[in-house]
Amino acid sequence: RRRKAAQTLRRYINGFMTRNQPPNGDNEMFINHCRVTFLHKLKDNLPKSILDKSWPPAPPNLKETSAMLRDMFHANQVRRYCKNMSPQKKMQMQEKLTASEIFKGKKSSYPESVAVPFKSNRLTPQHETLKSKVFDKKYLSQEERAKYMSPVVKYDRHGYKTRPRVLIATNLAVYILEEQDFKLKDKILYENMTGISVSELADGIFVIHAECTDKKEKGDVILLSDQVIEATTKIALAAGKINSIQVVKPGGLAYTMSGGKEGLIEFSTGAETRVEKGKKGQLVVVAPSMKVA
């Protein structure tokens, strides 16, 4: 009886000492206990959010199992998230993905825009009323639908005086409207739009380039937006010209005016953002150049 007790105690001690090793006959009770304890702990500490990548640590003999469970759980989280996503949310995520493909690692202000949801309508109640009473009745054709609407600032092609404007992008064209009465100031058909330019700095300037097919057209449009990533992405998507967006390095950016004349926007880095007319008649844009990611 003493010998049996000694053997039992020896096997118990050996099982405890080898509990993290493969099963050997002595440690199976400890291994099973570790499994049950880990699964109970895992059940009570599962990630609540799809963005939460945390995972409870596993004992050595359950690391492979833990990794498989983690992958299965995260895959199921993604599947449930996508299944429950509304069409509007899905479209918003697709737009964000498009913006990432265009601006990630190129535009300094892109990282700050990631957490801000895109909106299709940033108009004030006053602007909404003018849109219904003026724009929809006077300028919007039957086959047109508004895709994006937002206040912007327009810079004159000559002199660069700032003008508060409202931008409306439909499925056919971009409209630049007077803020007070929604009088049409510029209209660029997508078939005439040749590109959109932004700098790689942290400014909100963007230029919509367009062909001048007749004397009535004024040429490229220089705009400023607080949501430049959103605005340019939305316009490019509405136009079906995703590849039309160009992120330019500091230096000179030429734009075209009516009559074939050209103007120049000069981008450079600085501690603070400022936009002003230069000594040589160019538009000078100074902005920080943060580390892009």
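Biologist: How many helices and how many strands are there in the protein chain?

Modeller: Bearing in mind that this is a predicted model, the protein chain has seven helices together with twelve strands.

Biologist: What percentage of the residues of the protein chain count as buried, and how is the exposed surface described?

Modeller: Of the 293 residues in the protein chain, 39% count as buried. The chain exposes about 17,700 Å², and carbon and sulfur atoms supply 53% of that area.

Biologist: What can be said about contacts between residues that stand apart in sequence?

Modeller: If we take the contacts in the protein chain between residues at least 6 apart in sequence, 51% of them join residues at least 24 apart.

Biologist: Which helices supply the lining of the largest pocket?

Modeller: Helix H4, which covers 87-103, and helix H5, which covers 110-113, each supply at least two residues of that lining, and the largest share, six residues, comes from H4. The space in this pocket is about 270 Å³. Among the residues that line the largest pocket are Lys89, Met93, Leu97, Tyr110 and Pro117.

Biologist: How do the residues of that lining divide into nonpolar, polar and charged?

Modeller: Seven residues of the lining of the largest pocket are nonpolar, three are polar and two are charged.

Biologist: Where is arginine 122 found, and what does its side chain make a polar contact with?

Modeller: Arginine 122 is found in the loop between H5 and helix H6, the latter covering 125-138. Its side chain makes a polar contact, at 2.7 Å, with the side chain of glutamate 230. Leaving aside its neighbours within four places in sequence, arginine 122 is in contact with residues including Val116, Pro117, Tyr148, Gln227 and Glu230. Val116 and Pro117 also belong to the lining of the largest pocket.

Biologist: Why does leucine 172 count as partly exposed?

Modeller: A residue is called buried under 20% relative accessible area and exposed over 50%, with partly exposed in between. Leucine 172 has a relative accessibility of 33%, and therefore counts as partly exposed. The place of this leucine is in the loop between strand E2 (162-170) and strand E3 (173-178).

Biologist: Which residues is leucine 172 in contact with, leaving aside its neighbours within four places in sequence?

Modeller: With those neighbours left aside, leucine 172 is in contact with Ser141, Glu143, Glu144, Leu189 and Tyr190.

Key: Residues are numbered from 1 along each chain as its sequence is written. This is a predicted model: local features need pLDDT of at least 70, side-chain atom pairs count only at pLDDT 80 or more; totals for chains, interfaces and linings use all residues. Side-chain values use heavy atoms; hydrogens and water are left out. On a 1 Å grid over the protein atoms alone, a cavity is a set of points where a 1.4 Å probe fits but cannot get out, and a pocket is an open set with protein on both sides within 12 Å along at least five of seven lines; lining residues have an atom within 4 Å of a point. Grid points are joined across faces, edges and corners, and a volume is the space filled by probe spheres set on the points. Helices (H or I, at least four residues) and strands (E, at least two) are DSSP runs, numbered from the N terminus. Ala, Val, Leu, Ile, Met, Phe, Trp, Tyr, Cys and Pro count as nonpolar, Asp, Glu, Lys and Arg as charged, and the others, Gly among them, as polar. A polar contact is a pair of N or O atoms within 3.5 Å; within protein, one must be able to donate a hydrogen and the other to accept it, and residues adjacent in sequence count only if both atoms are side-chain atoms. Contact means heavy atoms within 4.5 Å. Buried means under 20% relative accessible area, exposed over 50%, partly exposed in between (1.4 Å probe, protein chains only). Accessible areas come from the Shrake-Rupley method with a 1.4 Å probe; for residues, only the protein chains shown count as cover.
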